[in-house]
Amino acid sequence: MATQWTRRQFMAALAATGLSVPMPGLMAAPGGKAITRPIPSSGESLPVIGMGTWRTFNVGGDQHLVRERTEVLKTFFESGGTLVDSSPMYGSADDVMGEALDTLNAHDQVFAANKIWTSDGGATREQDGASRRKWSIERFDLQQVHNLVAWEPHLETLKQMKADGDIRYLGITTSHGRRHRDLAQIMEQEPLDFVQLTYNVLDREAEQRLLPLAKERGIAVIVNRPFQGGSLFRRYQSEPLPGWAAEAGCGNWAEFFLKFIVSHPAVTCAIPATTKVKHMEENMGAQYGDLPDEQQRRRMADYVAGL
Amino acid sequence: MTGVDWFSYSLSDFLMFGPEVFLRLFVRINQDFWPWQGVAVVMMLLIAGFLVRGDKLAKRAVLLLLAAAWLWSGAGFLLEYYGPINLPATWFGWGFILQAALLTVAALVWPWDGNAARPARRWRAGTGWLAMTGLLPLLMVAQTGNWQAIALFGIAPGVTVAASVPCLLLLPRRVRWLFLLLPLLWSVFSAATLWTLGTRLVFVLPVATLTLTLVSFWFSPRPAQSPD
């Protein structure tokens, strides 16, 4: 049977084999080779910076803002990003994402991640289908149980959907550091491809149990709230970057916060959300250049804690 | 989810949009409705005029005009504009339509009794109401710095509710509570939303409405001292 490759899969395969070279127009990246991480369950490479849509893509029918968000998404793709994560919980975000993908004709470029968010354990396929139609895609690459809501029946259905080829990966999410004990238990018992959790330079509880467990179990980790919902900028943006930040590969606070996260060996990618093209460009800078080593990571955390 | 988990949530966890998207709702509806804002202004003037007139027919007319304002802001702003980004706004949209139906029933079937208040009091009520309803829309202009964001009575739900509560004092206390329930719920919802969005200027509106609503549950205007 002939295998049809999408452009994104083709590019990912090239990157994985080391054959990828910067191609203007295809990957107008900030410079150098994008930092990628393999998904443990398949070996497929993912760029370390993805994009979240929480509170940013829920703009309803506001065409002015839809155009602005489309520009943000365009910048994300042009900078070498692929993974976009959304949820039916985020109001009109799925509709707006579908509109933006249509405008950019970028359905083949996106690694589409979504969530199942309903207490009706029997509505997994129905909600997946509703989100798929909004995105105008044949299937989601990754479908996740949102915030552990009715996770047992949803996960069972997602396993079947993966076996049927209706999704490529399955996962489960939490945020704000909630229900980590439950999540750890699920990670120990279930065959997950991905987990999504909150981790940033201030919220580091995941380092204790969840990140080592993900590494041990071969589960990819998506990190949400990398800027603590924007509060890291509000608290620290007026402060100077440390003189040694450039040695750690960081040219601004966005890169500082994001590189701290994606340099953790268990993390696969972080998914910052933004409404501004300029901020997207800064975020995507974290996908290039050097990553801090373990010693530098400790120094980064100490520096922020001391401010 | 345990009770402890619920306590770990903050209001901002339930808000799926930012202040820019919310404030632009007012600009968008004004752009789309132009030039029908004139109808809202005429409704305001008519209500003020009927409050000054103060007879039974005028009271019925005030309630009918309020019903039209609730219907317009509910079906327009809440269901068409706000609902797609905030699910509870859709529920309130249907609530506003129900309130409009209740006001219509009250206007048509309520057997008004008693005399009209003194002319001076009616004049103060009408002009005071008009001044309040004319100034409240400017809060949104001050918040956004954009005249196109003006939150007019009959279009914007917050101003519609705030302007309706004093008019509901026309109804006797034994039935008034039924009409104050939705203003109460709306004020709490709106205050929580605006506080979380950090839009401090317009936050004043639901807080003032909430206070006025709570007072209205118990307040009874003095009976007329003499007939006209």
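Modeller: In this predicted model, 17 residues of chain B are in contact with 19 residues of chain A. The area buried between chain B and chain A comes to about 1,600 Å², and carbon and sulfur atoms give 45% of that area. Within the part that chain B buries against chain A, B:Met16, B:Glu20 and B:Arg24 supply 33%, which is more than any other three residues.

One salt bridge is formed by A:Arg178 with B:Asp13, whose closest N and O atoms are 2.9 Å apart. Across the interface of chain B and chain A there are also nine residue pairs in polar contact, counting those in which both residues have pLDDT of 80 or more. On the side of chain B that touches chain A, helix α2 of chain B (residues 19–33) gives the largest share, namely four residues. The residues of that side of chain B divide into nine nonpolar, three polar and five charged.

As for the surroundings in chain A, an open sheet of eight strands runs in the order β3-β4-β5-β6-β7-β8-β9-β10, with parallel pairing. Its edge strands are β3 (51–52) and β10 (269–270) of chain A, each of which pairs on one side only. Inside that order, strand β7 (residues 167–173) of chain A is joined to strand β8 (residues 194–198) of chain A by three bridges, and these two strands run parallel. At one position of this pairing, A:Gly171 stands opposite A:Phe194 in β8 of chain A.

Two single residues, one from each chain, complete the picture. A:Gln296 is found in helix α11 (residues 294–306) of chain A, and A:Gln296 counts as buried because its relative accessibility is 16%, under the 20% cut-off. Not counting residues up to four places away in sequence, A:Gln296 touches A:Glu247, A:Ala248 and A:Leu291. In chain B, B:Asn86 lies in the loop between α4 (56–82) and α5 (87–109), and B:Asn86 is likewise buried, with a relative accessible area of 7%. Leaving aside neighbours within four places in sequence, B:Asn86 is in contact with B:Phe17 and B:Phe189.

How values were computed. Residues are numbered from 1 along each chain as its sequence is written. Chains are lettered from A and ligands numbered from 1 in the order in which they are written. This is a predicted model: local features need pLDDT of at least 70, side-chain atom pairs count only at pLDDT 80 or more; totals for chains, interfaces and linings use all residues. Side-chain values use heavy atoms; hydrogens and water are left out. Buried means under 20% relative accessible area, exposed over 50%, partly exposed in between (1.4 Å probe, protein chains only). Contact means heavy atoms within 4.5 Å. Buried area is the accessible area (1.4 Å probe) that two parts lose on being put together, summed over both. A salt bridge is a side-chain nitrogen of Lys or Arg within 4 Å of a carboxyl oxygen of Asp or Glu. A polar contact is a pair of N or O atoms within 3.5 Å; within protein, one must be able to donate a hydrogen and the other to accept it, and residues adjacent in sequence count only if both atoms are side-chain atoms. Ala, Val, Leu, Ile, Met, Phe, Trp, Tyr, Cys and Pro count as nonpolar, Asp, Glu, Lys and Arg as charged, and the others, Gly among them, as polar. Two strands pair if DSSP finds at least two bridges between them.
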